[in-house]
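Below is a walk through the structure, taking one chain and then the other. Please keep the coordinates in view while reading.

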Amino acid sequence: MNTNIPVEIPARRRFDLRSFVETLGPLLALAALVFVTYKAEIYFKGEQNFLKPENLINILKQWSFVGIVAIGMTIVIISGGIDLSVGALVAMAGGFGIWLMNTAINAGKFISENDAAIKDYNDNVAMGLNLPLTLPWSGFRVGLAHFFQQLHMDGSNAWGVFFAFTATILLATLAGWLGGVLIAKGRLAPFIATLGGLAIYRSIALSLADGGEFRSAGGTAFSAIGTGGINLPHFELRPGVPLQLPWPVIIFVLIAIFAAYLLNKTRFGRYVYAIGSNERAAVYSAVRVDRIKIYVYTLMGALCGIAALLLGSRMNSIASSSTGNLYELDAIAAVVIGGTHLGGGRGTIRGTVVGVLILGVISNMLGILNVSPYLQGTVKGSIIIAAALLQQIGRKE
Amino acid sequence: MICGMPVGQTVDLRDISMQFPAVRALDGVSLSLSRGEVHGLIGENGAGKSTLMKILSGLQRPTSGEILIDGEPVHLHHPIDAQKLGIVMIHQELNLVDELSVADNIFLGREPGGRLWVNGRSMRRAASDLLASLDSPLPPRAKVRSLSIAQQQMVEIAKAVSQQARVLIMDEPTAVLTARETKALFALIERLKQTGVTIVYISHILPEVLHVCDRITVMRDGKIVTTLNDPRGEQVTERKLASLMVGREMSDFFPPRTTPSSEVVLSVKNLSVRGHASDISFDLHAGEILGFAGLIGAGRTEMAEAIAGLRKKSGGRIDVGSALADRLHSSVRQGGPYEEMHSPPVGRDSNPADSSPRNGGIAIPPYILRETKIRSPRDAVAAGIAYLSEDRKAAGLSLDLSIVHNTTLVSLPRFGTAWLSRRREELATRRYVRDLQIKAGRLRDPVRSLSGGNQQKVLLAKWLETSPRVLIIDEPTRGVDIGAKRQIYDQIAALTARGMACILISSELNEVLGLSHRVAVMRGGKIQAILDANEATEQTVMNYAAGVSAP
């Protein structure tokens, strides 16, 4: 008796509701949404602007920042975690970059202001100390200004922009790494560690700007990457004015492609799925779980830095109180709408990209139809709940 | 209360069919359960036992067919419907709330008292009366978390009894119990039977089925093969049951042993794990299967986890042996002398006596033993040690991931770093699907979709892909059907015949006795004895395991 009959694997192609809902579902929803928006605009307004290239590009441009964060969030959620600190981190890192750039460019001004304040203090001791900036940042800033002056880097836009770029990305990456260490080595729940991060980063941003905004002194050199783009052939807004594909959109797409490669084709990506699916089994399978988790949150931080940089460059400023507000919710919403399982272990980048587009089309549609912007949250919330419900149905099968 | 043994049908399942999108799980199954009987239900995984019982307990609705209770047709749309009729299922994974007390769990959802307040005292009194009547005195206040698995099972049974259960369905109740606990469970089953409760007993452990059941129904491929009305009277054997389940005559259950080499691959000296194991010493030879027997809690798993780098050692040293040639290429432990293990297994010959080609024929180059520090699972993998956890679902497999991704998870560096080769990964997986006869739809299906036996095979594949010198396999056949069991045994035998060493930890004593060259018996974290295969009998092993002085 031979028990070793080779078993062929039947190439059974059966209808799988779950994978259908997870892969094609969001795309179909997007298509339906586009169609409805298109029809609704014609019905209510009699004209059609929604499907014009400039509007579509506008949607992409507005949502590419959230999109970049959502890509990182996808990886975090697949690994079984969550990051609530992304919005605050964008504000802090972007703000700090501009702050540092301004310090370098206006070093002379800060030093003289400080000298004047000290002189004022010495002249009128009874009047009390009246420094131009609140503590502790004023001293730090003046120190940095002296440092830049010593190195003859002050007053130069080029150096300023360089500092803004490196500082924003380095600070965000460092913050992400720190969060990762707390979660992996400190065994903190990701929810708690990043909730703490949210509070801390926002507060640092607020105190650094004294509640106001960081306005760039970097001029066009700084705003180039956020506002510029590649000219699209064959499309012209007006005769002679070409339509541009903005840099943030291009960077978003490149990051999405890179992240999809990372998740599907590298060991790192496989380990991320394994950890999210069953962390204990990953430990037993000799996966260096702690290290991978730290990588995941560091990457999340780096992507926040890129988003912060692009956002600051596009707006030419970062508002310490409002920039990046609710990014964590938009990002998580895009991830969930894209079919990624909040419990970890399952999900795709392409789903998240579609999720971002769905959010973008919805808010654009509401704008076009003159719906009160305050109602956007209601619509967004309903969509998230609907997406989660659909996933539930898919899972039951 | 009716005295004596009441007769008469209580439950009648008529012509039940169940059609799932891809498979017909049940095909015109009719089964009748009499009052006060223990009815065994056996069959390989996927035979339809679980589906049938899910239908009876209201978890699933059949595509066609009807259920009659005392001759009346009933409709079960929800487990609550079944519970109201006295049908309760005790699942393999117990359904208790860990943080609540024994009494709370027994009366969960039916607490005595008013609308707002629970009358704790009367609830605890009722619970302790109930437990006493089942002859299993547990403190009603104890948190379920603090109980052993056997005690938790008692709580489940007490809960069922308190719901006036008439039909109690037990799914693999002894899978997690020690021999002594199993005995206690059988006594309890006997008592329940006397009070007129019908028990449906699902199990893979055939000697127990024969011991405890009044009637036995065998299922295969969604149909009932036969119902044995008087298995005790007819002197039905284990082998007969097995052949009915598989549908063909099974020859001897365990593959023949091959002669191990004299080269030591793993030498453990005075290994200790604080609180679990102390002073463990043994040598493991190439081609040898060393069985570890003992009661649950004897420290076997903890010892294995320490060797595999999953647990901190509090003392002792581990020496790993390897051939010189192997050591030269230790950084890339690819291929090597064990790559040949991936060729199809030798399998068992039709004539058990003819095993000469493999006996003593292992060509093992001389080994060099060297102390190896194993501080992490990675160190263990690098040293050629593979550990298959006993807890397949919690620690063994990533159920969401595909068969391919599970198979290659540990040995992923072999398939690339920056660009994993999907083709090579699938090729490797396909080889195991063939060799281990893994029954799967598509390679990209999640492991969750496989049956227990096939999941176990994927776990085995995952670790074989690391080309281990030492395979530590903990409860290899828990919740696995007979057919898959045989294939796993065959595979272990074939691999050891080619020089792999194996540590086999199992609570199924006949498995340890049937496969091992030597049997180490542990009790209280210490090795009590290492017996040769010919001196290891059920009796001697149990004596050492239970601490009864050896005869």
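Chain A has 15 helices and 4 strands; helices (H or I, at least four residues) and strands (E, at least two) are DSSP runs, numbered from the N terminus. This is a predicted model, in which local features need pLDDT of at least 70 and side-chain atom pairs count only at pLDDT 80 or more, while totals for chains, interfaces and linings use all residues. Residues are numbered from 1 along each chain as its sequence is written, and chains are lettered from A and ligands numbered from 1 in the order in which they are written.

The C-alpha trace of chain A spans about 100 × 60 × 35 Å along its principal axes. Of its 397 residues, 45% count as buried, where buried requires 20 or more other C-beta atoms within 10 Å of the residue's own, with C-beta atoms placed from the backbone. Among contacts in chain A with a separation of 6 or more, 78% are between residues 24 or more positions apart; two residues are in contact if their C-beta atoms, placed from the backbone, lie within 7 Å.

One helix pair in chain A can be followed in detail. The axes of helix H8 (residues 219-227) of chain A and helix H12 (residues 289-315) of chain A come within 7 Å and cross at roughly 110°. Axes here are lines fitted to C-alpha atoms, for helices over the stretch in contact, and angles run from 0 to 180 degrees between N-to-C directions. H8(A) is therefore roughly perpendicular to H12(A), a label given to angles of 65 to 115 degrees. The crossing of H8(A) and H12(A) is left-handed, meaning that the near helix is turned anticlockwise from the far one by less than a right angle. On the side of H8(A), the contact is made by A:Phe222, A:Ser223, A:Ile225, A:Gly226 and A:Thr227, and H12(A) contributes A:Leu310, A:Ser313 and A:Arg314. By class, this contact has 3 nonpolar, 4 polar and 1 charged residues. Ala, Val, Leu, Ile, Met, Phe, Trp, Tyr, Cys and Pro count as nonpolar, Asp, Glu, Lys and Arg as charged, and the others, Gly among them, as polar.

Chain B has 18 helices and 20 strands. Of its 551 residues, 49% count as buried. Residues 24 or more positions apart supply 72% of the chain B contacts with a separation of 6 or more.

An open sheet of 6 strands in chain B has the order E6-E7-E8-E3-E9-E10, with mixed pairing; two strands pair if DSSP finds at least two bridges between them. Strand E6 (87-90) and strand E10 (223-228) of chain B stand at the edges with a single partner strand each, so one side of each has no neighbour in the sheet. The twist averages 20° from one strand to the next. Strands E7 (residues 167-171) and E8 (residues 198-202) of chain B run parallel and are joined by 5 bridges, and B:Asp171 has B:Ile202 as its bridge partner in E8(B). Helix H8 (residues 238-246) of chain B lies across strand E3 (38-42), strand E9 (215-220) and E10 of chain B, at about 35° to E9(B).

Another open sheet of chain B has 6 strands in the order E16-E17-E18-E13-E19-E20, and its pairing is mixed. Its edge strands are E16 (385-388) and E20 (526-532) of chain B, each pairing on one side only. In chain B, 4 bridges join E13 (residues 289-294) to E18 (residues 501-505), and these strands run parallel. Helix H18 (residues 538-546) of chain B lies across E13, E19 (518-523) and E20 of chain B, running at about 30° to E19(B).

Technical notes. Parallel < 35°, antiparallel > 145°, perpendicular 65-115°, else oblique. Buried ≥ 20, exposed ≤ 12 C-beta atoms within 10 Å, placed from the backbone.
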